[in-house]
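I would be glad if you read them with the coordinates open beside you.

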Amino acid sequence: MTKQKLIIYWSRRDFRLLDNPALYNAVEKAKEEKVLFLPIYILDNALLGGNEGNIGYPRRFYLSKILSKFINKFDCFSVLAGTPNDIFRELSKHYDIYIYVNHDVESYSRKRDQEIADLIGSDKFFASKDQLTVPKDTISGSGSLYTVFSPFRNTVLQGFLKSVTFQKPQLNDIKYAQNISFDNYDITSLDLELKNIDKSQQLIFNLINKQWQVRFGKDQTISLDAIWNRPDYSNWYSSEDEAIAQFEDFVRNKILNYKENRDSLALDLQGNGQTSKMSLALKWGLISSRTIKEIVLRQHGGLEKEGVFSYISEIIWREFYKYILYNNPSVLDLEFQKRFQNNEIKWVDDKTALYRFEKWIKGETGYEVVDAAMHQIANTGWMHNRSRMIVASVLTKNLGVDWRWGQDYFRAVLLDLDEASNNGGWQWAASVGADPKPIRIFNPYLQQENYDNNKEYIRFWLPKNYNIHEPIVDHKQAREEALKRYGLGSKK
Ligand SMILES: Cc1cc2nc3c(=O)[nH]c(=O)nc-3n(C[C@H](O)[C@H](O)[C@H](O)COP(=O)(O)OP(=O)(O)OC[C@H]3O[C@@H](n4cnc5c(N)ncnc54)[C@H](O)[C@@H]3O)c2cc1C
């Protein structure tokens, strides 16, 4: 018997209707051929199943929230728990399946997609450009890949500005595959009404709710449940419509002053801050970078105004780090700069590092601006970019702790965790990454003076019972030690 044709839109981190190439193409194809359509999300065992990774409580909780809202936009949507390989193998026993996805740059995603394409046939697996929108193999005039940001930006900017977006697909006259049931994998067949957002969020969250901990170093763990209360992140947008509304407000009211205001920690407390806070929306695909660009250009015409140019430049930074990760998958574990790849930097010994790392996590370093920022991240799942740079510099330079530990902690606490940007940020702060600058050691006191002169940020985030004390390492002495660690003697 010939199998019925089934067009699948497999959603991963693209919880939106607007400018969603995979969804648009899948819907169009299903309508054109008048065949069955099935949108699905897989709660992937390899990512969410065990406690072993650093997908901590924050991302699990947020995923359950945004996914439950997204599935509500469809008349029928399957949420499955298992491994993609098992699920598609099972499905292809009964149907002739065609899968549409948006491409990602992370190694796990690339390998997973390759396996599925091999399983069903690469002519039935359609991947659209999405997370990285500029050409992933962009090369410089000398024929090599870019390693420095500005020339990369200059090369890709025009193409990015011209990129086109996909409209929302018309879902009304689609023929959903209604009665498909998957033994072992199907959570939608459980006796709960998935159209009820609160219930479906609870259902999804219960399935993936694990301990909140950070895994780092040589298989070490610290329980974060023992340190922090679990926030509910209710101040954050959690759907495409809410994210777009927030962004339009930023573009109307704040983007023109973005260049002057983006670094100010004090200003971040007024209203919802002076930066766009789009990192969550971009990470989870509630909005695409192309839509961001379109909204900006619609409001301001071009990039002539400083704030607008500066903002779009940051969006290209995001592309740059994705390009770096795509072309250098080893950076998640290894320094980008070859000269540091053989353990050239002698981090402090493990016992000292563990003590300092815990103090840093808890916001007890004694550097007030650092401690305030560590409370911000734990309580909101987000941290201001200036603070991310300060805390990362202090962990790696002042405290002498391996940047990979910091990368792991951010993985466990950030809602906007993006492997490429997180890695790029940590490698930059540790002076081992792409776009190399001279080895720079932030002075936390000067940073606080420059960006939170009246201590508004500090007062806002430090808990009432914060114990003001001398820092656990003296900045001047730590600076000398850091310079030696990087093989620079005691130069000033
Ligand atoms: C150590 C460290 C870790 C970081 N980890 C992440 C992460 O996991 N996820 C993440 O999205 N960003 C990360 N960043 C980059 C940056 O801090 C955040 O993107 C930014 O703070 C998000 O706030 P926003 O959306 O208001 O930014 P805005 O200032 O409004 O910028 C708009 C967008 O541009 C992009 N962007 C801005 N700055 C950067 C940057 N330095 N690098 C890459 N993209 C940028 C982001 O997508 C951001 O949403 C990290 C930076 C550092 C120093």
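1. Two strands are taken to pair if DSSP finds at least two bridges between them, where strands (E, at least two residues) and helices (H or I, at least four) are DSSP runs numbered from the N terminus. By this rule strand E1 (residues 4–11) and strand E4 (residues 95–102) run parallel and are joined by 6 bridges, and Leu 6 stands opposite Ile 97 in E4.

2. Some conventions apply throughout. This is a predicted model, in which local features need pLDDT of at least 70 and side-chain atom pairs count only at pLDDT 80 or more, while totals for chains, interfaces and linings use all residues. Residues are numbered from 1 along each chain as its sequence is written.

3. The pair E1 and E4 belongs to an open sheet of 5 strands in the order E3-E2-E1-E4-E5, with parallel pairing. Strand E3 (78–82) and strand E5 (125–128) stand at the edges with a single partner strand each, so one side of each is left without a neighbour in the sheet. On average, neighbouring strands of this sheet are turned by 30 degrees against each other, direction ignored. Helix H1 lies across E1, E2, E4 and E5 and runs at about 165 degrees to E1; axes here are lines fitted to C-alpha atoms, for helices over the stretch in contact, with angles from 0 to 180 degrees between N-to-C directions, and contact requires C-beta atoms, placed from the backbone, within 7 Å.

4. Two backbone angles deserve a look, because most residues other than glycine have a negative phi. Lys 34, in the loop between helix H1 (21–33) and strand E2 (36–44), has a positive phi near 50 degrees. Asn 343, in the loop between helix H12 (306–327) and helix H13 (350–362), has a positive phi of about 55 degrees.

Key:
Contact = placed C-beta atoms within 7 Å.
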